Structures are given as structure tokens and as C-alpha cells.
Amino acid sequence: MRLNAYEQILHEFKDWIIKHSSKIIITPKQHITNIDLRAINQIWQINYIKTASSQLRGISCKGISHNTLTLYGAIDDIERTHLWLQKWLKQRAKEILIPWLQQLSVQHNLPFNKVSIRGQQTLWGSCSPEHDISLNYKLLFLSNEKVTHILLHELCHTKHLNHSQRFWALLSKLDPNCKINDNAIRKADKLIDIF
Ligand SMILES: [Zn+2]
């Protein structure tokens, strides 16, 4: 297929754009005041207190029904507070998603090699031929059932590295609501833009 000059340039940079697009951050115009971690039924209220410090520091307070995270310091820089929260979310994802994946892996006898947490723009997760699994920290924003479905999806790729009938047969065995969950994820959840 022949490309015009503009398409040619886009084509040449395609790999670069895909590689780096996960690093493009949409800057919010105002402070984020609520984070709903649906995966674990936890809502966090985010407070901001300006101090003379040029740094940012966060103190979290977990309650029975109410959790607060207070950011202190140079809070006027909204992009910086956003990046701080992104890091905080990645850390939560490590604590929550990794043991979750390990538990499902043992339960269903689907061993994997390594797991990493990322912030992809277009993928909830992936599994490499070496059985390294990567998970998107934004999974925390999905319901518990959908997260389980996606984790099982990646684990099934350790047996079938494709979306063949055998892959879907295995996933359906582990997740009886496989079809419903898969459709719901495709339809509803374009990755949450703000993070
Ligand atoms: Zn897949």
C-alpha cells in the first residue's frame, strides 16, 4: 500500500509512538479528590495541604468506612500531585494485584515466571512467551469480578499463547461468566483516562 508523505512519517514513527504513548500523561486541570478502588471496595478521599516545603509527602489514614490520603507540600503543581498519586496507585497495585495473581496461579495450577505492574494506555495485561505477566495498575478501578477475569485471562496464556478455541475453553472453565465479563470489559472500560 502506498502512503502519502504524512502517512509515511506516521508509519516510520509508529513503533516509537506505541512504545512511548504509555508515557504520555493527561494532565488534570484540578486536583483529584476521590479515588475509587472498586477492585477492593475501597474509596479514598484525597486532601491537599500546602506547606513551605518544595517536596510532596503523603500520609494515609485507613478507616473502617472512610480512607483519607493527605498530600502535604508543593501542592500547587497539579501535574506533580497527579504523578505522585500515580506512583501511589502503582504501589497499591503491587500490594494488591501481585498476591491476587499468585493465589489464582496456585489455585488453578497455572504457573507464571515474573509479574510487573505498568500503566499501559491500551492494555489491561499481557503475557509473554516466557510467561512474564504484566498488569495495568488501572485494574484497581475495575470490579473485583472483572479483575479476576483479566488475571485468569493472562494466566491461561501460559498454556495457550493465543486466543484460540482451546484458550477460550480453558478460560471458560475457570470463569463461568467468561463471556459476560469479556464483553463487559471490551465495551465499558476504555482505560480510565485521568490516570
Ligand atoms: Zn489475551
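**Note on helix packing and a buried leucine**

1. The crossing of helices α3 and α4 is right-handed, in what should be kept in mind throughout as a predicted model. Helix α3 covers residues 144-156, and its axis lies 10 Å from that of α4, with an angle of about 140 degrees between the two. Because angles over 145 degrees would count as roughly antiparallel, α3 and α4 are described as oblique to each other.

2. As for the residues involved, α3 contributes Leu152, His153 and Cys156 to this contact, while α4 contributes Phe167, Leu170, Leu171 and Leu174.

3. Turning to confidence, the average pLDDT of the protein is 88, and 82% of the residues score at least 70. Among the elements of the protein, helix α4 (residues 165-174) has the highest mean pLDDT, at 98, whereas helix α1 (residues 5-21) has the lowest, at 55. Where pLDDT is low, the predicted coordinates should not be read in detail.

4. A reader may also wish to look at Leu89, which belongs to helix α2, the helix spanning residues 78-107. Leu89 counts as buried because 20 other C-beta atoms lie within 10 Å, and 20 or more is what that term requires.

5. Once neighbours within four places in sequence are set aside, Leu89 is in contact with Tyr137, Leu140 and Phe195. Ile35 stands 54 residues away from Leu89 along the chain, and the C-alpha atoms of these two residues are separated by 9.4 Å.

Methods. Residues are numbered from 1 along each chain as its sequence is written. This is a predicted model: local features need pLDDT of at least 70, side-chain atom pairs count only at pLDDT 80 or more; totals for chains, interfaces and linings use all residues. Helices (H or I, at least four residues) and strands (E, at least two) are DSSP runs, numbered from the N terminus. A residue is buried if 20 or more other C-beta atoms lie within 10 Å of its own, exposed if 12 or fewer, and partly exposed in between; C-beta atoms are placed from the backbone. Two residues are in contact if their C-beta atoms, placed from the backbone, lie within 7 Å. pLDDT is the predictor's confidence in each residue, from 0 to 100. Axes are lines fitted to C-alpha atoms, for helices over the stretch in contact, and angles run from 0 to 180 degrees between N-to-C directions. Angles under 35 degrees count as roughly parallel, over 145 as roughly antiparallel, 65 to 115 as roughly perpendicular and the rest as oblique. A crossing is left-handed if the near helix is turned anticlockwise from the far one by less than a right angle, and right-handed if clockwise.
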